[in-house]
Amino acid sequence: MIENIVDYLYQIPRFARTGGLEQTRERLRILGSPEKSFHYIHIAGTNGKGSTCAYMESALRHMGYKTGLFTSPHLVRINERIRINNEEITDEAFADAFYKVKALIDRQAAEGIPHPTFFEFIYLMAMCAFKEAGIEYGIIETGLGGRMDLTNAVEKPDLTLITSISLDHTAILGDSIDKIAAEKAGIIKKEVPIVFLDKEKAVTRVICEKAEQMGSARFPVQMQWTKNFSVKSGKIHFSCQSPYFEDEDMTLNTVGLYQVENACLARTGLEILRQEGKLSMPEADFVRSVREGMEDMVWPGRMEMVLDNVYVDGAHNDDGIRELVHSVEDVFEGQDIYLVFAVAEDKDYQEMIHHLSQIRQLKGVIITEINNGRRRDFHEVMDIFKKNWHGRIQGTYNVNEAIMTGQEWKGKDGILICTGSLYLVGHVKEILGGI
């Protein structure tokens, strides 16, 4: 049964056209406004929004709250997109949510109302599933952009949060940082607090202007507040000296240094919820739960070790790759690095390759292709790599072969990193048994 449902969902892009935010709001209303049954935390950004969602979810769960987490894309199973208390939604609950939404869509189809997109259908399912499960906090990641993203149909979230912003999906969101920031800032709602990464002056200006228009309290987060970094036994240790809370030592269960800014954003968001009276518990218990939740969180596909010295990282744009390179050079200093790389056709892969070629310890690269219609031909990618880097390069259509070659090249002591696309990460994890 679940296979038929998934097949149906995957067919949707062929015939769907969105009816926009008003149509989504109307569908939510008919479904009983499930998004109003829990505290709605809305997170947008170019990079890091999924991880930031996961840090907040883990901390809230450690506080004893029942949580819902809605993210995309999935890596192996579509159920990953909808999580209750960090557990993938069961096939039974997935089917129940599907048929609730499908019944509504069928009724509307008879009235000539357009079928929802794949993303809207899954989003509506998530809201129904969250209400049915009785969650207390829902952490919702935007799909693309923010202003017109269908997750933005919510009227009054409890908190909005914007992570790192860079150039990506420029054909849809705009060809400048200012334009993309304006789209992301579209999630800011009237008198709803906004937490954001204060990293790019242009981005900060756009977000602050929008927040002022909406009368929303602003809480910028600066990375200068983080000190005393160390990486030991696969974990990052650091301290955060924030103006919003007492100085805290934190530990993250990752070697991806870029996760520090996502954790700080999440920590600040949780603090604002506490100060607003949305999290009622003694401060000492709150701080302990946050610390434990942050350390326990493992986000699939972000510097995730899937085998000994084999990592997958879903960096898929210029900014994400630069952060990956920074982590690799700091954490694996003195170790030989090998890459398996694939990229989608709509990405600026030339800039990504330029940054990857700067890895000082880089010893070998295997170029392959993602397993869907958005693939970029590996021969084109190899040509660009060879212009930027003159080391050992090989190409193959077959991801399995690419992984085997990478493992052979790295030997016992080298590091293999599979990156360039979340689709590649999902394929690698599927090949290795969905771990």
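In this predicted model, eight strands form an open sheet in the order β4-β3-β2-β5-β1-β6-β7-β8, and their pairing is mixed. At the edges of the sheet lie β4 (87-88) and β8 (218-221), each of which pairs on one side only. As a general rule, the strands of a sheet pair through backbone hydrogen bonds, and the pairing is either parallel or antiparallel.

Strand β2, made of residues 67-70, pairs with strand β5, made of residues 137-141. The two strands run in the parallel sense, and four bridges join them. Within this pairing, Gly68 is found opposite Gly138 in β5.

Helix α8, which covers residues 201-214, lies across β6 (159-162), β7 (194-197) and β8. Its direction makes an angle of about 175° with that of β7.

The chain as a whole can be considered next. The protein chain contains 15 helices and 17 strands. Along its principal axes, the C-alpha trace extends over about 60 × 55 × 40 Å.

Finally, the interior and the surface may be described. Of the 435 residues, 58% count as buried. Among contacts between residues at least 6 apart in sequence, 73% join residues that are at least 24 apart. The accessible surface of the protein chain amounts to about 18,000 Å², and carbon and sulfur atoms account for 46% of this surface.

Terms used. Residues numbered from 1 in each chain as written. Predicted model: local features only at pLDDT ≥ 70, side-chain atom pairs only at ≥ 80, totals over all residues. Heavy atoms only, no water. Pairing = 2+ DSSP bridges. Contact = heavy atoms within 4.5 Å. Axes fitted to C-alpha atoms, helices over the stretch in contact; angles between N-to-C directions. Buried < 20%, exposed > 50% of the residue type's maximum accessible area, 1.4 Å probe, protein only. Areas by Shrake-Rupley, 256 points an atom, 1.4 Å probe, with all protein chains shown as cover.
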